[in-house]
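Student: I'd like to learn how to read a ligand site. Can you walk me through it?
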Amino acid sequence: MGNAMKNLLITGGAGFIGSNFVRHMLAKYPDYRLIVFDKLTYAGRLENLQDVLKDPRLTFVRGDIADRAAVEQAVREHRIDTIVNFAAETHVDRSILDPDSAHRTNFTGVYVLLEVARQFGLERFHQVSTDEVYGSIPVGYFKEGDPLQPNSPYSASKAGGELMVRAYHETYGLNTVVTRGSNTFGPYHYPEKLMPLFITNAIDNEPLPLYGDGMQVRDWLYVKDHAAGIDLVLHQGGSGEVYNLGGGNERHNIDVTRLILKLLGKPESLIRRVTDRPGHDRRYALDCAKIRALGWAPTHTFEDAVAETVDWFVKNEWWWRPIKSGEFKEYYRRQYAERLATATAL
Ligand code: NAD
Ligand code: DAU
């Protein structure tokens, strides 16, 4: 595979995982040209790429993956041979408040990218998906062949996008791969998600709104390990195949919360129990034998990676403070004002 790959369209490359992936690829592949194609929604930020934007191998194009003409133009102009699609509306809570944009980007947007990939006969299409497409599992581990039973508008739209990828492989022979990543964390993580929200709230001595009993389980994956896993599957994954990509770090939300407070030297009295997320998945857990057989393994322990992440947020207030004082404030009010007003202490 790798030989034909030269000009990669990295859609959603100005977001959290996409920008970390861009950094990983520039460091590892001196001959690749990367074209970041990103709508710059509230979650997409050029600041995420500030240290690499001047690299002559990187080009930024502002555009919407659901806009066929814009995608066609980028593919034609930059002689794209490969698409790696990170672009998505990624926050479950926002998808509950406003399912429309999740459906448009995560389903229709993927369809448009696939159509353009078919039209131009691209070499490879990598869809970055999520373990949430499986739904919740009380015990055991999801395998790639298990049924998809998504429970939120976000995960349903991601599952829909993935199934379209499958159809384009089966029907048109498009060379596709899919990775289903688990809960990712690290530098440049938008502070609406559990880890960066709780780290930044704790720094400011603000309450940490923990949903329900806090006993939900997520499998945590450091963003650098996620980027390396996508790189491996992009180059070595079998056409039409799907790969689970999980960190193997199952933790209860309450334990993640306590770890963050401990690392920052802040009191547990900051924790508030608030009304649960509707349709909240109780547990995600992945069987990752397939990607491990390809040669991937996480290289960071959970505790070290969380410490590194907390340290990054402490040192990079320039990055997250402007976010938390902008559009975010209105979202925070909609999502949390009522919850915090009726919260109980731990
Ligand atoms: P993010 O919200 O930080 O970034 C998403 C990026 O996509 C932003 O730069 C945004 O501007 C861009 N975007 C959104 N809609 C677009 C559109 N219509 N056209 C072009 N660009 C658009 O997300 P993230 O956490 O980096 O997630 C990246 C991908 O990884 C997503 O597909 C997500 O479903 C998947 N994923 C995320 C996690 C996680 O824990 N964060 C885990 C597994 C899989
Ligand atoms: O599993 C992969 C998925 O992980 C990705 O596909 C999504 O894009 C990503 O957002 C993430 O989804 P989650 O819903 O698991 O992540 P989030 O950080 O929103 O929540 C993690 C857990 O913490 C979840 O059980 C809900 C809980 N939570 C979250 C927030 C924001 C709280 O208790 N309080 C909160 O304020």
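Student: How do the residues of the shell around ligand 1 divide by class?
Tutor: Sorting a shell by class is a handy start. In this predicted model, the shell around ligand 1 has eleven nonpolar, 14 polar and four charged residues.

Student: Which residues are the closest to ligand 1?
Tutor: Ile17, Asp38, Thr90, Tyr154 and Lys158, out of 29 that surround ligand 1.

Student: And which elements each supply at least two residues of that shell?
Tutor: Look for α1 (16-28), β5 (124-130), α5 (153-172) and β7 (183-185). The largest share, three residues, comes from β5.

Student: What about polar contacts?
Tutor: Look for N or O atoms within 3.5 Å of each other. A polar side-chain atom of Tyr154 sits 2.6 Å from an oxygen atom of ligand 1. For Thr105, a side-chain N or O atom is 3.0 Å from a nitrogen atom of the ligand.

Student: Where are polar atoms of His280 and Thr90 relative to ligand 2?
Tutor: His280 has a polar side-chain atom 2.7 Å from an oxygen atom of ligand 2. With Thr90, a polar backbone atom is 2.8 Å from a ligand 2 oxygen. As for cover, the protein takes up 95% of the 680 Å² of accessible area that ligand 2 has on its own.

Terms used:
Residues numbered from 1 in each chain as written. Chains lettered and ligands numbered in written order. Predicted model: local features only at pLDDT ≥ 70, side-chain atom pairs only at ≥ 80, totals over all residues. Heavy atoms only, no water. Polar contact = N/O pair within 3.5 Å; in protein donor to acceptor, adjacent residues only side chain to side chain. Areas by Shrake-Rupley, 256 points an atom, 1.4 Å probe, with all protein chains shown as cover. Near = heavy atom within 4 Å. Helix = DSSP H or I, 4+ residues; strand = E, 2+ residues; numbered from the N terminus. Nonpolar A, V, L, I, M, F, W, Y, C, P; charged D, E, K, R; others polar.
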